[in-house]
Amino acid sequence: MNTITKTILTGLLTAILFSAFIYLEYFELTNRLLNTLFGLSSLALLLYIPKQSILVAGFSIGILWFYWIGYSFEYQGVGYMTPVITLSFGFIYLLFFLPLYFTDKTYIRALLLFGLSFIEPFDWNWLQIELVFVESYIGLFKYQLALVLLALTLPSFIKHKYYKYLPLLLIFTAFDYSNHTKKEAPLKIKLITTDIKQDYKWTIEARAPTIDMILSQIKIAIQEKQELVVFPESVVPLYLEKETQIMDKFLYLSKNISIVVGSLLRENHQNYNVTYLFEDGKYKIAKKLVLVPFGEYIPLPKFAQKIINETFFSGASDFVTATKPTDFIIKGVKFRNAICYEATCAEIYEGDVEFVIATSNNAWFSPSIEPTLQNLLLKYYARKNGVTIYHSANYKGSGIIP
């Protein structure tokens with residue numbers, strides 16, 4: 001085997017081990033021991049592999065984790081950009097891991113890798129280094145990542161036989177010994193999963209069947225004696241506040257059950273991605289706090305935002321955010337509202353948060369690992385913050401996440 005082939009294969013192996021937990025979860029083969037071993041092995045390889053293999057690993061990790069992001073461009077009328085976006089994420093994460101390339105010293109690489117765990121390229125935070133341990137025996141906090149990196153680094157500069165068990169001791173110290181019991185809200189909650197194709201969702205033909213489906217599901221939930229029914233993000237494909245007849249139906253039904261539905265809001269000539277809560281014949285609106293980079297806003301200087309928005313997003317990437325998180329008080333119980341991407345952002349979990357209602361539309365990325373990766377991130381944030389997430393999604397991903 002020549003040097004180039006070995007370099008490529010070593011980088012690919014590193015990326016595969018670093019990504020294995022996602023694909024094991026996708027194929028319903030998750031095993032905590034395997035995830036622990038694969039996660040430790042991938043970090044060890046990032047510390048010890050040759051410099052050139054770092055470039056292959058970074059590029060491959062970007063592809064394995066985020067190949068699906070370009071899928072959404074098909075619905076913006078620029079489907080030809082899909083392979084370009086996929087390759088772009090490969091190069092973004094090649095650059096992300098690039099600092100490791102400039103040193104062979106394992107302890108410096110460990111420090112760099114720990115530092116990279118705080119970096120979010122273009123405000124995109126879905127690659128959390130600790131996430132590789134979300135379904136493993138290792139904990140998810142920064143100090144546990146630091147202990148793991150220290151343990152993996154020690155053999156490179158401590159040779160004395162009396163210390164040979166110290167790395168193993170540090171690994172055990174980084175284990176997650178908490179009990180992740182499911183703490184549910186004291187309400188009967190029904191989470192609705194829909195499967196509305198993205199290319200159909202926003203058509204005129206979809207409106208009446210979609211509204212009929214929502215009303216039917218609400219009535220079924222009432223018959224089942226549910227207290228709260230939760231629908232996915234933008235399940236109402238309209239600016240709901242302008243549809244008085246539909247609003248009146250929701251307000252009427254809300255006298256028998258609390259209703260959470262996603263929709264859009266047009267206010268002061270600005271667009272908002274919002275969640276409506278209908279309860280006791282009244283309603284409250286929660287605006288999205290954290291927008292999706294390159295989906296709902298462009299994380300670039302002003303001069304570039306307009307060009308990219310008009311060229312690649314047909315002017316659609318122009319949403320506006322709320323200034324703070326929104327809490328719904330539903331039958332006396334407080335829920336933090338989170339719409340799709342923001343449910344995987346630390347801002348949503350600030351303050352007094354015990355329960356979160358998260359809504360998503362994952363049909364943008366069907367079929368792909370995106371709902372799986374999102375679900376793993378929700379587990380990551382739920383466990384780090386000690387909250388329970390009630391997630392309702394279009395396409396895949398609904399469930400209660402402790």
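**Note on the nonpolar cores and salt bridges**

1. Apart from neighbours within four places in sequence, Phe 97 is in contact (heavy atoms within 4.5 Å) with Phe 18, Leu 46, Ile 54, Gly 58, Ile 61, Leu 113, Leu 116 and Leu 127.

2. The model is predicted: local features need pLDDT of at least 70 and side-chain atom pairs count only at pLDDT 80 or more, while totals for chains, interfaces and linings use all residues. Residues are numbered from 1 along each chain as its sequence is written, and side-chain values use heavy atoms, with hydrogens and water left out.

3. Phe 97 also belongs to the largest nonpolar core, which has 73 residues. Together with Leu 43, Trp 65, Phe 66, Leu 113 and Leu 127, Phe 97 touches the most other members. Helix 12 (residues 370-385) supplies the largest share of this core, 7 residues. A nonpolar core is here a set of buried Ala, Val, Leu, Ile, Met, Phe, Trp, Tyr and Cys residues joined through side-chain atoms within 4.5 Å. Buried means under 20% relative accessible area, exposed over 50%, and partly exposed in between, with a 1.4 Å probe and protein chains only. Helices (H or I, at least four residues) and strands (E, at least two) are DSSP runs numbered from the N terminus.

4. A second, separate core comprises 25 residues, among them Ile 192, Ile 211, Leu 253 and Phe 278.

5. The structure contains 13 salt bridges, each a side-chain nitrogen of Lys or Arg within 4 Å of a carboxyl oxygen of Asp or Glu. One of them joins Lys 379 to Glu 25, with the closest N and O atoms 3.4 Å apart. This pair links distant parts of the chain, since Lys 379 is in helix 12 and Glu 25 in helix 1 (residues 3-26), 354 residues apart. Both Lys 379 and Glu 25 are buried.

6. Arg 383 and Glu 135 form a further salt bridge through their side chains (3.6 Å, N to O). Because Arg 383 lies in helix 12 and Glu 135 in the loop between helix 5 (106-116) and helix 6 (142-153), the pair ties together parts 248 residues apart in sequence. Glu 135 is buried, its relative accessible area being 14%.

7. Lys 190 and Glu 224 also meet in a salt bridge (3.1 Å, N to O). Lys 190 is in strand 1 (residues 189-191), and Glu 224 is in the loop between helix 9 (204-223) and strand 2 (228-230), 34 residues apart. Lys 190 is buried at 18% relative accessible area, whereas Glu 224 is partly exposed at 35%.

8. Through shared partners, salt bridges join Glu 25, Glu 135, Lys 379 and Arg 383 into one network.
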